[in-house]
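I opened my notebook to look up charged pairs and pockets. Here is what I wrote down as I went along.

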Amino acid sequence: MAHGRVAGGIPRRPVERSGDARRRPATPQHPRHADRCAGRLRRTRSGTRLARPSGSSCPGVPTRHEGSNSVNTVPQPDLAPSPRWEFPPSDSFTLSNGLDVTLFHLPGQYVASVGLLIDAPLSGEPREIEGVATVVASALIEGTRSHPGPSFAEAIEDQGAVLGGAVDFSATQVLLDVPTRHLDAALPLLAQAVAEPTLTDDAIARHAAQLTAGLEQQLATGPGRAAHALRAALIDPTARESRSRTGSPTSIAGLQGHDARAYHTATYGPRGARLIVSGDLADGIAARIQNAFEGWTNPAQTLIAPQTPRPATPRAIIIDRPEAVQADIRMGWFTLDRADPRWAALQLATHALGGAYLSRLNRVLREEKGFTYGIHLVNAPMRRGGLSYTQAAFRTEVVGEALALTRSILQGGEFSTHEIDRARDYLTGTTPLRYATAAGVTSGVLSQAAAGLPADFVPRQLDDYTRVTPEAASKVAEELLLPQAATLVVVGDAQALLTPLHEAGFDAEVRASDAN
């Protein structure tokens, strides 16, 4: 037995020696296979290789017969077609106060997901305090009349739950995730959050400051500035959808506690609201929901009709960032929403053009040219109408050529059957994954409800995907994604970009980076 030491006097683990060779302990094996597989591995100068007598085998290792190059392997089973996926069934009922409730019983999902949709489009925000809806939603956790101050957050945490709010242009969502065994205790807390939040001056000031800081940080980046500028350029400025859903630093700065409380009183109520509960639900859940929410009333609630935004005139804009070495680019169109019968065809068309790694745009601009780390073409549907746009960042010196190639690819002819089949396989294959958890079901159903879509939208959409032909996808792309009708936003060095953009066919207006 030999012992050794390293610097600092730390003992080295003893190593057994036999002559000049070290003997290392063999890798432990399961007793069931130890005798049968013993001695099968032999170390050589070139590494470890298998040395087994003919006719013997170790689990998981193919057997090679002596004098033969053939290898016997276990036959693979035949692969059967995947069974048709079905959206989870639901039970629905309406409380006496007008709250619509939908339950999704998902066996094995032991973390329940609860979502409450408040029918309050952002068009109801006063223009001078836009962002108030986001501040109110984020401040719900700050205390209620029954649990003032930190005691409310502590009550939520005692149930192992997470509560938060999210705001979109169509509605506000209040979300609760909680272990199913604590769902009974957590439901009344959710009801308190929406019915009786304190919304103190200090809490509103703190959340407004946090929102302002986040918005300023976003606008300080090229991608963030490009996203805000594209929305403003694509949608008529009279529509609330043309501006950020979180407001602007100026509008948030004027927000006071009494503004937040007045907005909550005017918008948070059971009329038009919808509660979604998903998970491994126990018997009697409907009665417990009724006990928690039926007392929620708000006579002052005002329902607001959603707007129908109109498209703005196409144009090209450069947001100047002097000496920037790359340009963040958005090329977009005002297109359609999910209720339009052409939606499925547009989804497949945009996926074939720029939604996959080897889509037309990414294959040329990333793989062949090396101009960008990636370019994507996405759809962003609203309740009425929608946006479709490319997003990418390019080195400044290749922007002109990249834009010219983008326009050429977008008008590059009809889709092949192979392209549409691949897009269809991806969209139909990933849809079930998005609804594989309770949280996925709740968030998906809330999104559909906010858009005014029917309960059977998802299975109908999957059926629509199967009926889209290459001709239909090509037609909708030709109608809606015309390069000459695109709005272009480029965030980068205006001095270096004006000439390349002009040569690519865009006469751009230059704006300072701090312009609204």
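**Salt bridges, then the pocket**

I started with R360 and E419, whose side chains meet in a salt bridge at 2.8 Å, N to O; the term asks for a side-chain nitrogen of Lys or Arg within 4 Å of a carboxyl oxygen of Asp or Glu. R360 lies in helix α11 (residues 360-368) and E419 in helix α13 (residues 417-434), so this pair ties together parts 59 residues apart in sequence. Helices are DSSP runs of H or I with at least four residues, strands are E runs of at least two, and both are numbered from the N terminus. I also noted that both R360 and E419 are buried (under 20% relative accessible area; exposed is over 50% and partly exposed in between, with a 1.4 Å probe and protein chains only).

A note on ground rules: this is a predicted model, where local features need pLDDT of at least 70 and side-chain atom pairs count only at pLDDT 80 or more, while totals for chains, interfaces and linings use all residues. Residues are numbered from 1 along each chain as its sequence is written, and side-chain values use heavy atoms, leaving out hydrogens and water.

Next I looked at D421 and R424, another salt bridge at 2.8 Å, N to O. Both lie in helix α13, 3 residues apart, about one turn of the helix. D421 is partly exposed at 31% relative accessible area, whereas R424 is buried at 14%. Salt bridges with shared partners also join E125, R127, E130, R240 and R243 into one network.

Then I checked E397 and R395, whose closest N and O atoms are 3.0 Å apart in their salt bridge. E397 is exposed at 60%, and R395 is partly exposed at 36%. My search of the whole structure found 21 salt bridges.

Which residues lie nearest the centre of the largest pocket? I found D168, F169, R231, R245 and A380 there, among 33 lining residues. A pocket here is an open set of points on a 1 Å grid over the protein atoms alone, where a 1.4 Å probe fits, with protein on both sides within 12 Å along at least five of seven lines; lining residues have an atom within 4 Å of a point. Helix α6 gives the most to this lining, with 6 residues. I also saw that the lining draws at least three residues from each of domain 1 (91-294) and domain 2 (316-511), with bounds from an automatic or database domain assignment.
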